[in-house]
Protein chains: 2
Amino acid sequence: MVGVDFGTLSGRAVVVRVADGAELGSAVHEYAHGVIERALPGSEVRLGPDWALQPPQDWIDVLRLAVPQAVAAAGIAPEEVIGIGTDFTACTVLPATADGTPLCFETPSRPHAWPKLWKHHAAQPHADRINELAARRGETWLPRYGGKISSEWEFAKALQVLEEDPEVYARAERWIEAADWIVWQLAGVESRNICTAGYKGIFQDGTYPSADFLAELNPGFADFTSKLATGRVGERVAAGTGANHDAGPDAGPDAGHGAGHGADGGGEGAEGPGRVRLAALGASAGTLSARAAEWTGLPEGIAVAVGNVDAHVTAAAADAVRPGQMVAIMGTSTCHIMPSDRLAEVPGMCGVVQDGIVPGLWGYEAGQSAVGDIFAWFVDSFVPAAYTERAAEQGLSVHAYLTSLAEKQAVGEHGLVALDWFGGNRSVLVDHNLSGVIIGQTLATRPEDVYRTLIESTAYGARMIVETFEKSGVPVEEFVVAGGLLKNPFLMQVYADVLRRPLSVIGSDQGPALGSAIHAAVAAGAYTDIEAAAATMGKRTEAAYVPDAARADAYDRLYGEYRNLHDHFGDGKALHKLRAIRNEASA
Amino acid sequence: MVGVDFGTLSGRAVVVRVADGAELGSAVHEYAHGVIERALPGSEVRLGPDWALQPPQDWIDVLRLAVPQAVAAAGIAPEEVIGIGTDFTACTVLPATADGTPLCFETPSRPHAWPKLWKHHAAQPHADRINELAARRGETWLPRYGGKISSEWEFAKALQVLEEDPEVYARAERWIEAADWIVWQLAGVESRNICTAGYKGIFQDGTYPSADFLAELNPGFADFTSKLATGRVGERVAAGTGANHDAGPDAGPDAGHGAGHGADGGGEGAEGPGRVRLAALGASAGTLSARAAEWTGLPEGIAVAVGNVDAHVTAAAADAVRPGQMVAIMGTSTCHIMPSDRLAEVPGMCGVVQDGIVPGLWGYEAGQSAVGDIFAWFVDSFVPAAYTERAAEQGLSVHAYLTSLAEKQAVGEHGLVALDWFGGNRSVLVDHNLSGVIIGQTLATRPEDVYRTLIESTAYGARMIVETFEKSGVPVEEFVVAGGLLKNPFLMQVYADVLRRPLSVIGSDQGPALGSAIHAAVAAGAYTDIEAAAATMGKRTEAAYVPDAARADAYDRLYGEYRNLHDHFGDGKALHKLRAIRNEASA
């Protein structure tokens, strides 16, 4: 089984044994263009502030390079592979023609023709308008997103395209998540997964926002959903039963050359021809096309799982797909994923989607906009030479050196509290225009004090999220950590102490790719459902970190101060004004 | 004329021409022991947090070394010198016997026997009790100090000695400012200046706090003022009329060997024998003793001016001793000195003292606890190697390099505002337990952004002080800058823009020493009063920096945010709690 994880800067392929989840081999391909933020590649065309693009070819290169390398590293014959699954950053979304051709292949000099990476934040004004109008009209889907949709998502980004480059918008027969686009490239037929549709595409209770609503935003936006998948209540398909799109898995290799079905698509009605239906997670999107077999070196015709999101597949990798198992994928940012058998309106959550993590349960998502990014920013910009030199002398990274100093302190000894909003706040305030706050510095404050404070601030942010879920009637039974920050045990212990609960940890450092392989195993029919596959192939250590009562008590007091700051600055009155002044001054 | 400035880390002697204030030569002596903060010198005796001591011998060494060097550097014969004036940090205060012997000479192993430097802050609990009781009793002197006296001052420090080392307290026949002690060493007779008595010794309307008040603080404190000078309303002496102490200038050289008058002192009543009266600024404290002539190489018998405070003498050096001329001495901290013809209760001022700057006017003092200290702290602890390397490549100090980056920005472009309370807040909140706040940071925030923000925050703090004076009915006619921060023109321009007024600047980089020489010229009878001497010998450039209207408007918005933060955090609710948690955690 091959799982492929498309991250922000690179793609990783992992070969996983179906019987037990053993990771046999892996390979990484760094994207040639990384994140495009300043100007289009090989061009004078400058991008505005908060833009972030990616070229589709970089993703294809992961299939061409990383997949065969992973198979080679695993020491198996390609013929032993029975399926491939993928996951992607989201909402990373692109305009395409009805045959799946990205518009940036046709008009590479137009910025809006390019895929917008999840962290493209230039559609904030559009998100604001969507939120305002939805609140005013009392749209029933709005509370499913904690009361606000994000500027990162499909509708905000598409509205930006419509209003800033109407020609590109008109030409876009498809507005498709990269998660689904890459599966289209693999299977040769279009499919759309229910996860991104629900979390990023405002698909709720079997439908998208109404044409009436969209027209009120902008008359030209009324038929936007014709560029998406269709889907009706009750049409969700159980995992393991194969694809539910119009073409189906028997579309065969000939459909796999970028033509696919639905070449007549675009502009048709909600139930019109050429629009695929949403596919359940764990379902098959079809079989590997001849072209994709050539790219990957894998056998043509093996199962291709429907697309998924990097965070959401990780729940399977951690065998944490039961109600109340909150998986925190902690890296540059943190994403919280939790299945539950209850539907509730949790303030500031990113979204709740039926079948959004596993079929049959509500899937909750929450997030912290920046976590590891905060520590990296501090280390890059605010740690003096004396520290970097001492770290080098001791053979430590600057992070490890600062941690070694910080962990010697008693809780509260630095006298500081920070708000972890340096990258805005996703949950529970859903406000990208918030910014960081640090209070309590004196002339005796040292770098390790601030570093520890920043770590703690993100733990307070996590506690705020957990408490908000529980207050809303959605119990959090277990806190499971995955992601790169696992490598810092001190940080993990801070989280255990601040959260006042044991932390479970994932048993793989390739969580998303492993999760994708688990989904592929289900799509290939090796397991009946995701739960069963995860139970065998997923890996989790319970209570890997246990809170210390005295430290937890001390943190309670500091968390109280964090909450006070949260209340005071959360309305954005001060921070929005500073942001506005900044934007005017920079203009 | 010789002026000697006793600073925090060194003493500086300057030879000044009486006719025009020309600075002919100068010399600096760095104190051998600097500031004693951890343990007594050559001893295992550890000091508590927030302690700061200094040995008297380091001060004597300035007389022995710097004065003759300055005379030599000036290229004049010592016989041409007709007077010597001094100024000192304040409140730097010591316990002594009735003959002026510092108690630390007798019992060097007892920390409380040593001089407490101005920045000894360990008497904060004692200051708090004094303030509480004074507020409760409605003591009329309290509003003269902005509603709160400082932990740095004579009564708080003495109460700490009484309660922590009663034997040292009992043995102290004198509790004397270093400003007066050094003049005692020069003239051989005790004198006490009205400036430190008023600003640091709670001498108001001709009297100290009552024995009744002091007894309520601690019964053993009731007769504390017997260790100070006496003084009655109307007994202030006009400048230029010589000393008004019991011994007088004719005490002669024999009195100059550490015996002086009043060897029978200590414990007598408020008007008892052995207690000197307060002397006006610019008055003579006597003549140079044989011993001090030997130390300094100056002629025995020349005029010695009464003691003064470094900040207060600077007003004369800047020729800014008329009503409404606010002199800001900007260095590690900032002190604001302003004569006025009006008495008002200005919230948070450090003090208002009749004749406290020049005889005949009310003298106001306000202050910012940390200014240059904040920039130094940031540069030392939070600027990465890449910056220090680039600064070195360009041949710039890190301060200059950061300034070169910061000055390119438009006002508000960094999106930040800070509260400049990293060393507590003196004016207008009088609260050493406040601490710093920075808001608005994002992952794009760079060191130069924070550096500029810190500079601006101190300018906002200065504006807060100026506005508070004016709202209280004390007009500020001119803002005159002296001190080390003058060397940063960008910083000066920020102040001009934030304050929305032209800045005048002092014409000397040795302001206090020049001011002391001006006072010595008056004491020697070369001028009739300080105003006349300052007009000829002092140096000031008017409107050296002029505000830019557009920048000033932009700063108005940011200052509004600063005021909001000031209001929110000024009550200390959050910051005091963090400080308390810190102190408990560090204990």
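Colleague: Which residues does A:Glu561 touch?
Modeller: Not counting residues up to four places away in sequence, A:Glu561 touches A:Val417, B:Ala574, B:Lys577 and B:Leu578. A contact here means heavy atoms within 4.5 Å.

Colleague: Where is A:Glu561, and is it buried or exposed?
Modeller: A:Glu561 sits in helix α18 of chain A, residues 549-569. Its relative accessible area is 6%, so A:Glu561 is buried. Buried means under 20% relative accessible area, exposed means over 50%, and partly exposed is in between, using a 1.4 Å probe and protein chains only. Helices (H or I, at least four residues) and strands (E, at least two) are DSSP runs, numbered from the N terminus.

Colleague: Before we go on, what kind of model is this, and how do the labels work?
Modeller: This is a predicted model, where local features need pLDDT of at least 70 and side-chain atom pairs count only at pLDDT 80 or more, while totals for chains, interfaces and linings use all residues. Residues are numbered from 1 along each chain as its sequence is written, chains are lettered from A and ligands numbered from 1 in the order in which they are written, and side-chain values use heavy atoms, with hydrogens and water left out.

Colleague: Thanks! What does A:Ala410 contact?
Modeller: Leaving aside neighbours within four places in sequence, A:Ala410 is in contact with A:Arg452 and B:Ala585. A:Ala410 is in the loop between α13 (398-406) and β15 (417-419) of chain A. With 29% relative accessibility, A:Ala410 counts as partly exposed.

Colleague: How far apart are A:Ala410 and A:Val430?
Modeller: They are 20 residues apart in sequence and 33 Å apart in space, C-alpha to C-alpha. A:Val430 lies in the loop between β15 and β16 (436-441) of chain A, and at 18% relative accessibility A:Val430 counts as buried. Its backbone is worth a look too: phi of A:Val430 is near 50°, a positive value in a residue other than glycine.

Colleague: What about the phi of A:Ala543?
Modeller: A:Ala543 has a positive phi of about 50°, although it is not a glycine. A:Ala543 is in strand β19 of chain A, residues 540-545, and counts as partly exposed at 40% relative accessibility.

Colleague: New topic: how are the two copies related?
Modeller: Chain B can be laid on chain A by a turn of 180° and a shift of 0.0 Å along the axis, with an RMSD of 0.0 Å. The two copies are thus related as by a two-fold rotation axis. The copies are superposed by least squares on the C-alpha atoms of residues with pLDDT of at least 70 in both.

Colleague: And through which surface do the copies meet?
Modeller: 100% of the interface residues of chain B are also interface residues in chain A, so the copies meet through the same surface.

Colleague: Let's zoom out. How many helices and strands does chain A have?
Modeller: Chain A comes to 19 helices and 19 strands. Buried residues make up 65% of its 587 residues. Among contacts in chain A between residues at least 6 apart in sequence, 74% join residues at least 24 apart.

Colleague: What does the C-alpha trace of chain A span?
Modeller: Along its principal axes, the C-alpha trace of chain A spans about 70 × 55 × 50 Å.
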